[in-house]
Amino acid sequence: MCQFTDPEGVPLGASMYLPHDAGPLQLQLLVNKLLNNEEKLPYSFYISDQELIVQLGVYLEKNKGHEGEVVAVAFSPDGRQLASGSGDTTVRLWDLTTQTPLYTCIGHKQYVLCLAWSPDGKHLVSGSKDGEILSWDTQTGKQLGMPFKGHKKWITSISWEPLHLSSPCRCFATSSKDGDVRVWDISFRRCVLSLTGHTDAVTCVKLSGEGVIYSRYTFSFIFIPRMDIYKCSTASLHFSRFSRVYPPVQVNYCSSHDRTIKVWDTTQGKLIRKLEGHAHWVNTPSLNTEYVLRTGAYDHTGKQYSSPEEMKQVALERYKKLKENAPERLVSGSDDHTLLLWEPDNHEPAKQLKGHQQVVNHVYFSPDGQWIVSASFDKSVKLWNGTTGNYVATFRGHVGCVYQLSWSADSRLLLSGSKDSTLKVWDIQKLKLKQDLPGHEDDVFDVDWSPDGEKATLMTFQATGTRRILRHFGYTIDALSYDHSATIECLKEPLKPQYSGGIIVNPEFSYGLKGWSSFGGNGGKIMHKTSEDGNSFIVAHSRNQPYDTFSQKIYLHKENLYAFSAWIQVSHGKGPVTAVFKTTDGFTYAGSAVARSGCWSMLKGGLTVDSSGYAELYFQSNNTNAEIWVDNVSLQPFTKEQWRSHQVEGINKARKRDVKVHVIDSKGETLQGANIHFRPRQNKASFPFGCVINKDIIGNQAAQNWFLSRFSVTVFGNELKWYATERFRGVENYTDADAMLAFAKQNGIPVRGHCIFWDDPDYQPKWVPSLSPEEIKDAAYKRLQSVVSRYSGQFINWDVNNENLHFQYFEQILGANASDVFFQMANQLDPATRLFMNEFNTLEWSGDTSASPAQYVAKLQEIGNFYQGPRGIGLESHFGTPNIPYVRAALDTLASAGVPIWLTELDVSVENGTEMQASYLEQILREAHSHTAVEGIVLWAARNETGCYRMCLTDENYNNLPTGVVVDKLIDEWKPQISEGLTDSNGEFKTLLFHGHYDVAINHPSMNSTFSRRFEVTAPETSARNSEDTTISPMILHVQVDV
């Protein structure tokens, strides 16, 4: 992989793969082509300031890397650089694109044993076998200043002070075989604290977020004294303070081969606590905050910061978010085959973790602090709950002892390196091996995963040869897949819980009632039950209140999005059952479904919470005479980044398509290096995205310009409704609707027909309520005949009976099947147009059981039993504060009906302010646009002389408000884009394009002229888009050109 840049470092095009036999001559031809030089110019090429005069393969062979054992590897906090230390006495900084050494840092006289980047990424320090510590300029590879000297034996580890305590980073701690722990100030290049007097080697040192130092073999913990003294003391603990004010120094923790962990007051050097528990040496420690301390302000987004103060604030926020006001936790592994989970303020361990049969070699908290993993000489890796210490699973597969572990940035994947010369990738959610990475010649001794989540690095220690190898490989982390599956069928036996239950304890009730307890306190009882087929579930009976059921306490994080599902049944009858979370802020409804007796129904929903803390999940039903049965419960947390990755995946599947261009010459031979250029012929997305209009747009040129430059579909606000077209009985007036339709047709804008009827009694023509039932029937049939006949074939779909789930005005007067009859009559008059239901609160509020997705689909099926024509799902989408996980789950359930879904009247209340209104609007639009079952979105934001209904996009002069800025941003993001590239050695160019029309241009130096043609990227069949199978065949363009 190669990236060309000019002498100032400006990239020339995208990174590309180059063959090993490419030399300067071939690179000159390529660069001239990339720059479109008519006259071929000569160029020189440099890699790390060394001119390339041979083929790339020859250069790479000569620059493989270290000549000795690679003993340490470490990614920078932002994941952009990699450092390695070796027995050849050098430190090397690596180019992660070309996988070649960028700089070779020379200065050490002995083996380089350890490395550490400062959390702000500004400093790299290394320690060697002779006890010296060097610091390096990461931009040049040059040594900075003189060595840090003081240790008498080799350096065993290095750890930096957390960024949220000091920015820019200044202090780091080192441990040594000489039994000392020393703290250094990199600015003054002096030792500021020496902790001596240990009787054995200190082999690991870690600095905590509270200013504590953790070290092992002797295992020491001390708060860093925040001071300005730059003289190393020879006493066990001695320092003085200057005028700068720092947080108070409180305690110092130490442990040693006497199997204890000791806690010291560093202000007086007194032992204040002694932690005992291990029966043998303490080998390995890990903090639950370790990952955020290492990465500081950096995360996978690659965001850069303008000042140390900004970095410090972000690092502090990340640290606090992970801790959630709880103390830092420490886990330790020992030669006694156990782990101990500690909360440092307590004398006794919080939990002893048993299970390994041999020495525990490495323990490591996950980046999110929710998991602990341990590696052992017993050839296994074990997974434990990071909060409770409870055993979760054992990963087996290695045939040699497991040395080292490393987590992916999202805590979903785990790397393990072993004596068996393999590296294995484990899927934490599925609790199984994801990928085996063999091919190493000897022990995999150390591994690291970059904080950006895209790369992993491993070091292999080859014990039987003179050559040592550093290997780097790319491993893209796919975010934990979202399970879109949902069903409205009632099944004899429930399906397995999604995500294996996620964070729910005992989700399948395989262990009786473990993890579940009675809820409500009004005499209701719970019991465990097993079906004839052996399926276990929980039952709530003898209920007196709707909420007399069962519950489970779960810790929820406010930054996460939670997908929820369960299978429900009632003992007799049928009715809605709701899943509710009782949180510190109140009650949150996750969703509801219609439960029946004799079969299982799926309840799918989701939630977020405003505050982190414990919540109680329970179920409720208003029918207290019926038992509630629940099985296969699942609650799966997702990070915002994972959630966004699902949206990208949905867009790539539903709105884009892979395109492959294959180019051959006149002899039928593949043409490499041909430039392929796709230019869109349209400036709007193919996806229907529109806004409501009203009669005020007629004659208003500013309003028309604003609307036409943005939207591709529309609907009339009130002008087509019955009360607008027939204000007086028998007197019809379609003037406004006709004018608006003419405007839309003239500009090529499709229109939705809204609406034939509105089932709300408050929105009937004023003369209707006074009529007799028979007269209302006659008037309704005339209305339907009039409006549908007049506009037959002119609308893309009709809303037949608006808000039919909440109101039953026509059903109460004309009979229970009134809507069914309306659909049938409309289809007879306009058979080619799809007929829609249209409802509110199906997406907006998870607590509205009247219009839940399950109730909606049930009504749609009822209509389908009477009317067989094309149907659609209309969702008004008048939001307050959106519950985005519930929106996705509701769309999943609705999608199971197999008909198109439109958001028909989308707006957001301004009750939380204009900025939050815009933010909520963007969240909803992104979620809807990315869902494969959604086929159109219409905003309800038309301006009139008095303003807007609930949401405006512009002011009265058509200048964007914050909501309008969001809309313009997304319109630009969703429209087709230019795509360009070169064909490979197979004559192929592959790209991913939005659906739409493009001009394609192909040229090559050997061609007489540019080849041009038009090309349409079409959407796959709806069934393919909505399928769980993500494989959709690409569109292929075969081109033969004259050369």
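Student: Which residue's side chain makes a polar contact of 3.1 Å with the side chain of E328?
Tutor: This is a predicted model, where local features need pLDDT of at least 70 and side-chain atom pairs pLDDT 80 or more, while totals for chains, interfaces and linings use all residues. Residues are numbered from 1 along each chain as its sequence is written, and side-chain values use heavy atoms, leaving out hydrogens and water. A polar contact is a pair of N or O atoms within 3.5 Å; within protein, one must be able to donate a hydrogen and the other to accept it, and residues adjacent in sequence count only if both atoms are side-chain atoms. At 3.1 Å, the partner of E328 is S208.

Student: What is the distance of the polar contact between the side chains of E328 and T289?
Tutor: E328 sits in the loop between α4 (308-323) and β22 (330-334); helices (H or I, at least four residues) and strands (E, at least two) are DSSP runs, numbered from the N terminus. The side chains of E328 and T289 are joined by a polar contact of 2.5 Å.

Student: How far from E328 is the nearest side chain of opposite charge?
Tutor: Lys and Arg count as positive and Asp and Glu as negative, with His and the chain ends not counted. A salt bridge needs a side-chain nitrogen of Lys or Arg within 4 Å of a carboxyl oxygen of Asp or Glu. E328 is buried (under 20% relative accessible area; exposed is over 50%, partly exposed in between; 1.4 Å probe, protein chains only). E328 has no salt bridge, and the distance to that nearest side chain, K323, is 6.1 Å.

Student: How many salt bridges does a search of the whole structure find?
Tutor: Side chains of opposite charge can pair when their charged atoms come close. One example is E559 with K640, whose closest N and O atoms are 3.1 Å apart. Over the whole structure, the number of salt bridges found is 24.

Student: Which helix holds both K782 and D778?
Tutor: K782 and D778 form a salt bridge, with 3.5 Å between the closest N and O atoms. K782 is exposed at 53% relative accessibility, whereas D778 is partly exposed at 36%. Being four residues apart, they are separated by about one helical turn of helix α9.

Student: How many residues apart are E922 and K969?
Tutor: Their side chains meet in a salt bridge of 2.9 Å, N to O. E922 belongs to helix α14 (residues 914-930) and K969 to helix α15 (residues 962-974), so this pair links distant parts of the chain. The separation of E922 and K969 in residues is 47.

Student: Which cysteine is joined to C490 by a disulfide?
Tutor: A disulfide is a pair of cysteine sulfur atoms within 2.5 Å, and two are counted here. C490 is partly exposed at 27% relative accessibility, and its partner's sulfur is 1.8 Å away. The link is right-handed, with 95 degrees about the S-S bond. The partner is C599.

Student: What is the torsion about the S-S bond of C948 and C952?
Tutor: C948 and C952 form a disulfide with sulfur atoms 1.9 Å apart. C948 is partly exposed at 21% relative accessible area, while C952 is buried at 18%. Their disulfide is right-handed because the torsion is about 110 degrees.
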